[in-house]
Amino acid sequence: MSELSKLQASCLFEIEDCDNLKKLEMLRSAIFGKDGRLSGAMKELRNLSDEQKRRHGSEVNELKSLLIERLDEKFRKLEIEELDRKLASEAMDVSMPPRPERFGKLHPLTIVEEEVSDILSSYGFFFADGPDIEEEYFNFTALNMPDHHPARTMHDTFYIHNLANENGRKLLRTHTSPVQIHAMLAHGAPCRFFSIGRVYRSDYDATHTPMFNQIEGLMIDERVGFPHLKWIISDFLRKFFEVKNLRIRFRPSFFPFTEPSAEVDMNYEIKNGRMAFGVGEKWLEVCGCGVVHPNVLKSGNVDNDKYQGVAFGFGLERLTSLKYGIPDLRGYFEADEAWLNVFGFSHYAR
Ligand code: DAH
């Protein structure tokens, strides 16, 4: 058996025997590479006579074509096999039932925030905001509660130790009313603003949490007064609770930042163990409001000879509990999935 025949036999055997593309590529360079086996045979041609060269040369060329052909064939075969294997391993059974999906729910406060914003925006009120970490000046002084005003003790305030500037100590705001001052200073008069945000008081039981949310409203214009307040609050409550004939009562009250001040009640009765609004003779307090005190307008740099203002404040959780029958205030902030499953809102059912 000639050297060339031996080379042919061993190459063909190895090609046939090869079982993956990577090995085949290695084999291809082992045969055709610079120092490959076939290159060796080609080099040997140099030492032969012309006659031998011609004969031997054509044999080498034939072998070369044969090996190329076999390698290509094998390549295509392995490629198809590899693809088949991949398809088999990544096969998908489209008839399989999907994994059960769990949908999250929207927090009731998120829903009510949206509902409240929709109604107040429809009166031309814009959203305004202020910081949770306030200064004594904005939380109290600017709202007509000077340093030793007894109203300051009405709120059990969280003060932030060792943090003070010319506006007094830093504290967690006890109500959203300081936003009134920020809004007036930023935008001047006339203006209509509302705010919704967190407030903090040092209280904890079934009806009090150290953090809760308030809704604040402020409208400043020439010739604005109690009639505007009555209309806004009555219309707001009737729309929010979706009760057209809701009865509303303004009861005189006191807030340092409004004069006169009132608390607002709406009528209800208990029907089949549930609260029904707009019927019955019982009254439920839902809001504080009043005509903005001239000192507050001054703190907001508003000309109090030219302009008057009206303001109101609601508790967001209170409105939510009443509308959706949520009993304990603490549930709102416990991030308990079971609670959210009961009181939360589906994205799709809205
Ligand atoms: N800031 C008051 C509170 O926290 C609520 C309030 C009362 C807001 C009367 C007002 C208002 O704007 O006019 O109890």
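Gly 309 is buried, with a relative accessible area of 0%, where buried means under 20% relative accessible area, exposed over 50% and partly exposed in between (1.4 Å probe, protein chains only). This glycine has its place in strand E11; helices (H or I, at least four residues) and strands (E, at least two) are DSSP runs, numbered from the N terminus. Leaving out residues up to four places away in sequence, Gly 309 touches Met 219, Ile 220, Val 224, Gly 290, Val 291, Val 292 and Leu 297, a contact being heavy atoms within 4.5 Å. His 228, 81 residues away in sequence, lies 9.7 Å from Gly 309, C-alpha to C-alpha.

## Basis of the model

This is a predicted model, in which local features need pLDDT of at least 70 and side-chain atom pairs count only at pLDDT 80 or more, whereas totals for chains, interfaces and linings use all residues. Residues are numbered from 1 along each chain as its sequence is written, and side-chain values use heavy atoms, with hydrogens and water left out.

## Strand pairing

Strand E10 (residues 282–292) has eight of its 11 residues buried, so it is largely enclosed by the rest of the structure. On one side of the pairing list, strand E8 (residues 258–271) runs antiparallel to E10 and is joined to it by nine bridges, with Glu 263 standing opposite Gly 288 in E10; two strands pair if DSSP finds at least two bridges between them. E10 is also joined by five bridges to strand E11 (residues 308–315), again antiparallel, and here Cys 287 has Phe 314 in E11 as its bridge partner.

Strand E5 (residues 191–200) is mostly covered as well, with eight of its 10 residues buried. E5 pairs with strand E6 (residues 211–221) in the antiparallel sense over 10 bridges, and Ser 195 stands opposite Glu 216 in E6. With strand E1 (residues 126–127), by contrast, E5 pairs in the parallel sense over two bridges, and Phe 127 stands opposite Phe 194 in E5.

Apart from its neighbours within four places in sequence, Ile 233 is in contact with Phe 250, Val 264, Cys 287, Cys 289, Phe 312 and Phe 314.

In helix H7 (residues 178–187), the buried residues are Pro 178, Val 179, Gln 180, Ile 181, Ala 183 and Met 184. They pack against strand E2 (133–135), helix H6 (136–139), E5, E6, helix H9 (294–299) and E11.

## Backbone details

H7 is followed by Gly 188, whose phi is positive, near 70°. A cis peptide bond, with omega about -5°, joins Ala 189 and Pro 190, and Pro 190 has its place in the loop between H7 and E5. Another cis peptide bond joins Glu 259 and Pro 260, with omega about 0°, and Pro 260 is found in strand E8.

Asn 144, in the loop between H6 and strand E3 (159–165), has a positive phi near 65° although it is not a glycine, and at 18% relative accessibility it counts as buried. Asn 272, in the loop between E8 and strand E9 (274–277), also has a positive phi, near 50°, but at 81% relative accessibility Asn 272 counts as exposed.

## Overall form

The protein is divided into domain 1 (3–89) and domain 2 (108–349), with bounds that come from an automatic or database domain assignment, and the C-alpha centres of the two domains lie 87 Å apart. Its secondary structure comes to 11 helices and 11 strands. The radius of gyration is 42 Å, well over the 20 Å that the globule rule gives for 350 residues, so the protein is more spread out than a compact globule; the radius is taken over C-alpha atoms, and the rule is 2.2 Å times the number of residues to the power 0.38. Along the principal axes, the C-alpha atoms fill a box of roughly 125 × 55 × 40 Å.
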